[in-house]
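Work through the exercises below with the structure open. Try each task before reading its solution.

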Amino acid sequence: MSYKIAPSILSADFANLQRDVEMINNSEADWFHVDVMDGVFVPNISLGLPVISAIKRHATKPLDVHLMIVQPERYIADFKKAGADILTVHLEASTHLHRTIGAIKENNMLAGVALNPHSSVQLLKDSIMDIDMVLIMSVNPGFGGQKFIENTYNKVKELRQMANERGKDLLIEIDGGVTLDNYKILLEAGANVLVAGNTVFASSNPTGTIAKLKGN
Ligand code: DX5
Ligand code: ZN
């Protein structure tokens, strides 16, 4: 089974960002997961465009940018310019989601849509064919190191079935509380991109933990 691991920069040491970016470059990780928070959509403020540009200067792998901001459509071209390769917006934050997805693709990025824990995957049945990736939040967004919400497994299975019924090759990303204990169950349920913040960066050997998450 082929899947991607995306370490979350939110748990990196921001005073040693270049070191942590290079650790990911030299690991078996596939993408950089970069969380942007505005203090409105979520009760936290993380990082923005200048920091993403700085990461891009050193990163040798794609930047998977997760926008936890209201009206994300205002900044699509800016995130492309800063270096995003995959741009994910929240269903709950974009009133005209169809137009937003189109704009992300016009800017030559993969288009992702994120769902908060309370949002049903059924809300995507009219968009699934237009989307490259669905990000299922397995914690309430805003902070790293939270406990995984068990209902996520049902959501992944339901979404994978929905995609299969339509012959859609969909990336399903899980974000929040991914550990060495649950990652295999998530893959079996149908996920193929796993974000890991705390599991990677709080471990004594982040590179080794990434290798374990890759099954090695
Ligand atoms: C939470 C962020 C996550 C976070 C995950 O709002 O979207 O990407 O960094 O962190 P862990 O893996 O520690 O739950
Ligand atoms: Zn995220």
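**Exercise 1.** State where ligand 1 sits.

Solution. Ligand 1 sits in the largest pocket. Two terms need their cut-offs. A pocket is an open set of points, on a 1 Å grid over the protein atoms alone, where a 1.4 Å probe fits, with protein on both sides within 12 Å along at least five of seven lines. A molecule sits in a pocket if more than half of its atoms lie within 2 Å of its grid points.

The model is predicted: local features need pLDDT of at least 70, side-chain atom pairs count only at pLDDT 80 or more, and totals for chains, interfaces and linings use all residues. Residues are numbered from 1 along each chain as its sequence is written, chains are lettered from A and ligands numbered from 1 in the order in which they are written, and side-chain values use heavy atoms, with hydrogens and water left out.

**Exercise 2.** Find which residues come nearest to ligand 1.

Solution. Start with the shell, the residues with a heavy atom within 4 Å of the ligand. There are 19 residues around ligand 1, and Ser8, Asp35, Gly142, Gly145 and Asp175 come nearest. Next, sort the shell by class: seven residues are nonpolar, ten polar and two charged. Here Gly counts as polar, while Asp, Glu, Lys and Arg count as charged.

**Exercise 3.** List polar contacts (pairs of N or O atoms within 3.5 Å) of ligand 1.

Solution. Take the side chains, then the backbone. Ser8 has a polar side-chain atom 2.7 Å from an oxygen atom of ligand 1. For His66, a polar side-chain atom lies 3.3 Å from an oxygen atom of the ligand. At Asn198 a polar backbone atom is 2.8 Å from a ligand oxygen.

**Exercise 4.** Name the strand that gives the largest share of the shell around ligand 1.

Solution. Strands are DSSP runs (E, at least two residues), numbered from the N terminus. At least two shell residues come from each of β2 (32-37), β3 (63-68) and β8 (193-196). The largest share, three residues, belongs to β2.

Technical notes
Polar contact = N/O pair within 3.5 Å; in protein donor to acceptor, adjacent residues only side chain to side chain. 1 Å grid on protein atoms, 1.4 Å probe; cavity = no way out; pocket = protein on both sides within 12 Å on 5 of 7 lines; lining within 4 Å. Helix = DSSP H or I, 4+ residues; strand = E, 2+ residues; numbered from the N terminus.
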